[in-house]
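Hi,

Here is the structure I promised to pass on. Please open it alongside this email; my notes follow below.

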Amino acid sequence: MHEKSAHRLMAYLFFIHSTMTIIVGYIPVYFQAEGLSSSQVGLLMAIGPLATIIAQPFWGYMSDKYKSIKRMLLVAIIGVIISSIMFLFIDSFLGFMVLMFVLFLFISPTTALGDSLAQQTAHVQRISFGRIRMWGSLGFGITSLLTGYLLSIVGVENIMYPMLTMAIISFFFALNIQDAPQTNKPVTVIDAFKLSMNPALLLFLGCVLFISVTHRANDTYLGLYIVELGGPEAMIGWAWFIGVSTEAIVFATSAYWFRKWSPLTFVIIAGFIYACRWFMLSLLSEPWILLPLQALHGVTFGLLYLTAFQFVNFLIPKHLQATGHVLFITIVFGLSGIIGSLLGGHLIDITSMNQLYVFMSISALFGTCSLIVFKRFYDASVEINKEIVS
């Protein structure tokens with residue numbers, strides 16, 4: 001694969017994650033401007049993770065079956081563009097519900113499959129996966145900051161125009177990316193089912209779930225926490241920008257530190273830092289202290305996502321890599337998003353925002369301890385298999 005293909009993939013990731021940050025960060029504001037209540041907005045935003053759980057395994061399986069991530073990306077982006085246009089003609093709550101479900105059926109694989117292609121491209125070209133993936137983080141962070149200023153000028157009711165623009169630019173870059181070489185082994189539904197029943201993969205994802213749920217809960221309630229602490233809405237954009245910028249730094253420098261230990265060891269380190277991060281946030285009484293703590297976002301999510309993504313590679317056969325990657329992302333973003341949003345809201349109602357972060361710290365610590373136990377048994381099984389082979 002030519003190096004230009006990697007550069008085009010970087011550009012694609014930048015703009016498709018820019019599209020995603022507009023959807024995740026600013027569509028709730030758009031819905032409020034349309035006159036919807038907070039509970040209605042919450043329900044609409046919960047539809048996204050539900051659609052993600054349904055859609056991503058399908059798109060991953062189709063990519064493996066037809067040996068092309070690029071073709072699936074092009075189809076998905078066309079769906080995003082059409083869905084974005086439809087927002088201009090819908091103004092009812094029921095219509096928004098249907099449209100949000102359809103939108104996330106198409107937007108969810110555009111980043112998940114893009115990351116899978118980035119990992120495969122990095123392997124083929126012998127470059128760092130983080131070097132490619134950091135451009136998605138940069139797109140997310142820069143666009144989240146600039147969109148806030150743009151909407152203050154043009155009005156939040158025009159949010160679909162920047163979203164549509166980013167999606168169209170993503171489509172043109174997707175036209176020029178190149179698929180990674182695939183194996184000739186055919187993929188069947190039975191193969192995908194066997195992958196979903198892989199005990200080591202399921203145990204690993206189950207442990208990671210306790211950590212990723214806390215990450216997704218923070219994604220949902222960080223803005224509310226800033227406002228509750230007395231911070232201005234503008235601080236929300238800066239909090240995201242700081243967090244995602246440090247995430248990009250972690251991805252960019254991964255080639256220098258990644259091979260020092262095993263991926264599973266780094267996942268455990270990330271989980272422990274998550275637990276410390278949430279506990280420190282639970283103690284806040286001033287909103288400005290949150291901004292320097294946001295620098296830990298890159299160390300936690302960047303470290304967890306990059307190394308867990310790589311560890312999944314060891315657990316799945318090559319001809320099912322897209323399916324395995326998407327299954328991992330479905331757990332980290334889809335199922336975790338539903339649990340984090342619904343359970344987090346319930347905990348806030350019966351306790352407080354500070355207490356939510358205490359529970360998040362406990363959950364992350366439990367997931368980390370579970371991973372330590374998992375690693376012990378996994379390493380032992382690897383040694384046994386080596387002895388059998390030798």
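A crossing of two helices is called left-handed if the near helix is turned anticlockwise from the far one by less than a right angle. Keep that in mind for the helix pair below. Please also note that this is a predicted model.

**The α3/α6 pair**

Two packed helices are described by the angle between their axes and the distance between the axes. For α3 (residues 69-86) and α6 (residues 160-175), the angle is about 160° and the axes lie 9 Å apart. Angles over 145 degrees count as roughly antiparallel, so α3 is roughly antiparallel to α6. The crossing of α3 past α6 is left-handed.

Which residues meet? From α3 they include Leu74, Ile77, Ile78 and Ile81; from α6 they include Leu164, Ala167, Ile168 and Phe171. By class, this contact has 14 nonpolar, two polar and one charged residues.

**α6 itself**

The 16 residues of α6 should span 22 Å at 1.5 Å a residue. The end C-alpha atoms of α6 are 23 Å apart, which agrees. Buried residues in α6 include Met160, Pro162, Met166 and Ala174.

**Gly340**

Gly340 sits in helix α14 (residues 321-350). Is Gly340 buried or exposed? Its relative accessible area is 3%, and buried means under 20%, so Gly340 is buried. Leaving out residues up to four places away in sequence, Gly340 touches Val213, Ala217, Tyr221 and Gly345. Gly340 and Thr220 are 120 residues apart in sequence, with their C-alpha atoms 7.9 Å apart in space.

Best wishes

Technical notes:
Residues are numbered from 1 along each chain as its sequence is written. This is a predicted model: local features need pLDDT of at least 70, side-chain atom pairs count only at pLDDT 80 or more; totals for chains, interfaces and linings use all residues. Side-chain values use heavy atoms; hydrogens and water are left out. Helices (H or I, at least four residues) and strands (E, at least two) are DSSP runs, numbered from the N terminus. Buried means under 20% relative accessible area, exposed over 50%, partly exposed in between (1.4 Å probe, protein chains only). Contact means heavy atoms within 4.5 Å. Axes are lines fitted to C-alpha atoms, for helices over the stretch in contact, and angles run from 0 to 180 degrees between N-to-C directions. Angles under 35 degrees count as roughly parallel, over 145 as roughly antiparallel, 65 to 115 as roughly perpendicular and the rest as oblique. Ala, Val, Leu, Ile, Met, Phe, Trp, Tyr, Cys and Pro count as nonpolar, Asp, Glu, Lys and Arg as charged, and the others, Gly among them, as polar. The expected span of a helix is 1.5 Å times one less than its number of residues.
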